[in-house]
Amino acid sequence: MEHLIWVIKRLKNYYHYILLALFGVVLESVSTAGISLMVKKLVDEGMLLRSWEGLTFGTLLLLGLALAQQLGNFLVSYYTNAYAEKEAKELRGLVFEKLLRSSFLSVRGYSLGEYTTRVLSDLKLYRDLIGSSVVKLVRDPATVLLLFGVLLYRDWKLTLTLLALLPIIALSVEYFGRKKGKHLRRSQESLEKLINKLGDVFRGYESIKTLPAQELLFGWFRDINEKAYRAGLRMALYSSFNSTFNFTVGYLATALLLFYGGLKVLEGSLTFGELASYLTALMLIQMPLVEAQKGIVEVRASLLVVQRLRQVLDLEEEMEKGVEFVGLKEGINVQRLSVSIDGRDILKGVSFSIRKGERVAVMGSTGSGKSTLLRVLCGFVPYEGQVYYDEKELREINLGTLRSKIAYLSQESFVLSGTVRENLLIANPNATEEEMWEALRLSACHFVESLDEIVDKESRMLSGGESQRLALARLFLKKPQVLLLDEATSALDAQTESFVLKNLFEKFPETTFIVVAHRFSNILASERALVLKDGELIFDGEPKRAIEVFLSEDLQVDAF
Ligand SMILES: Nc1ncnc2c1ncn2[C@@H]1O[C@H](COP(=O)(O)OP(=O)(O)O)[C@@H](O)[C@H]1O
Ligand SMILES: [Mg+2]
C-alpha cells in the first residue's frame, strides 16, 4: 500500500498527461456503453419496424459512437505511454545520480548485477506498470461500471445475479497476484545473478580458462539460468491460467444469461432489441472485466518491483553540507581513529599527525587496514575519533570541496573506456594538449601515441602497469594538495616507479604525500613511515627503523 502511494505521488508530476488520458477514458467508456444501449434502437425501431429512417439513423449513430470510442482509445493509449516514458527517463536519471551520490559503504552493499537489474529491468517493469495500470485500473473498471449500468437498466434482476461472480473475481485476484509476485521476484533475482556471472567471465577470463573453473562456472550458470527459466515459465503459466479462468467464468455466466434471457423473450417480457442490447453489453463487458482483474493482479505483483527500486533510491547519500575546504595550511592530525564495519574492528585507535608537505609511507601486511585508513582520509568511511585537516574536523568539512583538493589513487587503477584524452580530462577539464602530453611524459606513458587513442581496460588493451601509468598521469593534471597513493605504483617496474614518484615529488614540493608501498626503496625515499598491524599503529618514525619493525613482525607471522 505504501508503495502504491509512492507511485501515485510520483505520478502527480504528470497530471496534465493524466488528465488528457482520463478524458480519453471518459470518451471511450461512455461511447462503449452508448453502443450497447443504441443497439436496442437499431434492432427494435430500425429492423423490426422496417423503418429506413430508423435503420440509417441507428447505423450512423453507432458508427459515430465507435469513432468517438476510438478517439478516446487513442488519447488513453498515447498519453499513458507518454507519461510512462517520461517517468522512466526521470527515474533512470535518479538511479544513476544516486549511484554517484550515495555513500561508499551503501553502494558497496550492491553488486553490479543487482544494480543493473534495478536500473534496467526493474525500471522497465515499473514503466509498464504505470503505463498500462491507468488503462487497466481506470478505463476498464469505468467501462465495466457503465456497461453494468446498461445491464441493470435493461434487466436489474438478471443483472444482480451477475454479482454472484464478485467473490470469485476477488479470490482470483488474490491468488494470481500472490503467485505472479512470487515468481517475478525469483525471476529478477536470477537475472541479478546471471549478470554477476557474466561480469565474472569478462573480468576473470584468463583465470577461469587456466583454472579448472570452466566446467564449474558452466554448472553454476546453468543452475541460475534454469531458475530464471522456471520462474519465467511459472509466470507464463499463471498468466495464461488467469486469462483462461476469467474467460471460462465469463462464458459460463453468458450461457446462463442467454438461456434465461431467451426464456423471457419467449414469455414476451423482453423485446428482441432489449435482449440484443443486453447481450452486446454482456459481450462488451467481458474484455474490460478481464483486463481490470488482470490489472489488479499485475499491480499487486509489480509493487515488488517498486519496492526494489525504492531500496536503491533510498540509499544513504553523502552529506553535501559543511565548511568549504580551501587548502591545507598546517597539516593532518588523526586522533584515536577507529573504524568498524559489520561489527569487525578494522582500525583500532590510530593516532598520528602529518605536517603539510611531509612525505609519509604507510606499511603493513595485507589486511592491516592501510586502504581503510586512506579511505577515511578521503571521507569515504564512517569512523570514530577525530581526523583534523588543520583546525577543521573532517565531519565538518564539505566533502566535495575536500576531494577537489586531494587525490586518491588505488591499486585497481581506474581507466574509463574511451580515449586517452577523456581519461585525462576527468582529472582537469581545462587541461591543454601540452599539459596532457607533459603529464603523460612524467608518468612514463610511452605507449600512448595519440590523445584520441581508445583505451579500455576490460578488453585488455592496456597492461596492468600501463593502466596504472595512465591513472598516475591524471595526478599531474590535478595538482593535488594532499596525495594518497594506495599501492598505486605496484604494477610498475622498480625503475619506472621511482621515475614517476620522483617526478611527483619534484612537481609538487608543497604537497603532502601519504604513500602505501611495499618496495623498501620507496619507503626509504619518504621522510617518515607508519607501520600498521591488525588495525593498530605499531610504529611511527624513521623509515629505516620502520622496515626493521615491519620485518620482525613479518617473521613472527611466518613463525606462527
Ligand atoms: N567495506 C568493507 N566491508 C567489510 N570489511 C572490509 C571492508 N573494507 C575493508 N574490510 C576489511 O578490513 C580489513 C582491512 O582492509 P584494508 O584496509 O583493505 O587492508 P589493507 O589495505 O591493509 O590490505 C580487511 O580484513 C578487509 O577484509
Ligand atoms: Mg589495501
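Predicted model: local features only at pLDDT ≥ 70, side-chain atom pairs only at ≥ 80, totals over all residues.
Residues are numbered from 1 along each chain as its sequence is written, while chains are lettered from A and ligands numbered from 1 in the order in which they are written.

**Domains and helices**

An automatic or database domain assignment supplies the domain bounds; the chain is divided into domain 1 (83-313) and domain 2 (331-559). Their centres, taken over C-alpha atoms, are separated by 51 Å.

Helices (H or I, at least four residues) and strands (E, at least two) are DSSP runs, numbered from the N terminus. Axes are lines fitted to C-alpha atoms, for helices over the stretch in contact, and angles run from 0 to 180 degrees between N-to-C directions. Two residues are in contact if their C-beta atoms, placed from the backbone, lie within 7 Å.

Helix 2 covers residues 15-48; at 1.5 Å a residue its 34 residues should span 50 Å, and the end C-alpha atoms are 48 Å apart, which agrees. The expected span is 1.5 Å times one less than the number of residues. A kink of about 25 degrees is centred on L37 in helix 2, the bend being the angle between axes fitted to the seven residues ending at a residue and the seven starting there. R50, which follows helix 2, has a positive phi near 50 degrees.

H3, L4, W6 and V7 of helix 1 make the contact with L303, V306, Q307 and R310 of helix 10. Helix 3 (residues 52-101) also packs on helix 10, at an angle of about 40 degrees with the axes 9 Å apart, which makes helix 3 oblique to helix 10. Here L91, L94, V95 and K98 of helix 3 meet L309, V312 and L313 of helix 10.

**Sheets**

Two strands pair if DSSP finds at least two bridges between them. One open sheet has six strands in the order 6-9-10-3-11-12, with mixed pairing. Strand 6 (406-409) and strand 12 (536-541) are at its edges with a single partner strand each, so one side of each lacks a neighbour in the sheet. Neighbouring strands of this sheet are turned by 15 degrees against each other on average, direction ignored.

| Strand pair | Sense | Bridges |
|---|---|---|
| Strand 9 (482-486) and strand 10 (512-516) | parallel | five |
| Strand 3 (359-364) and strand 11 (528-533) | parallel | five |
| Strand 11 and strand 12 | antiparallel | five |
| Strand 4 (384-389) and strand 5 | antiparallel | two |

L485 stands opposite V515 in strand 10, M363 has V531 of strand 11 as bridge partner, and K533 stands opposite E536 in strand 12. Strand 11 and strand 12 form a hairpin with two residues between them, and D534 in the turn has a positive phi of about 45 degrees. Helix 15 (residues 464-478) lies across strand 6 and strand 9, at about 175 degrees to strand 6.

An open sheet of four strands has the order 2-1-4-5 and antiparallel pairing. Its edge strands, strand 2 (344-355) and strand 5 (392-393), each pair on one side only. In strand 5, E393 is the bridge partner of Y388. Helix 11 (residues 370-377) lies across strand 1 (331-341), strand 2 and strand 4, running at about 60 degrees to strand 2.

Terms used:
Parallel < 35°, antiparallel > 145°, perpendicular 65-115°, else oblique.
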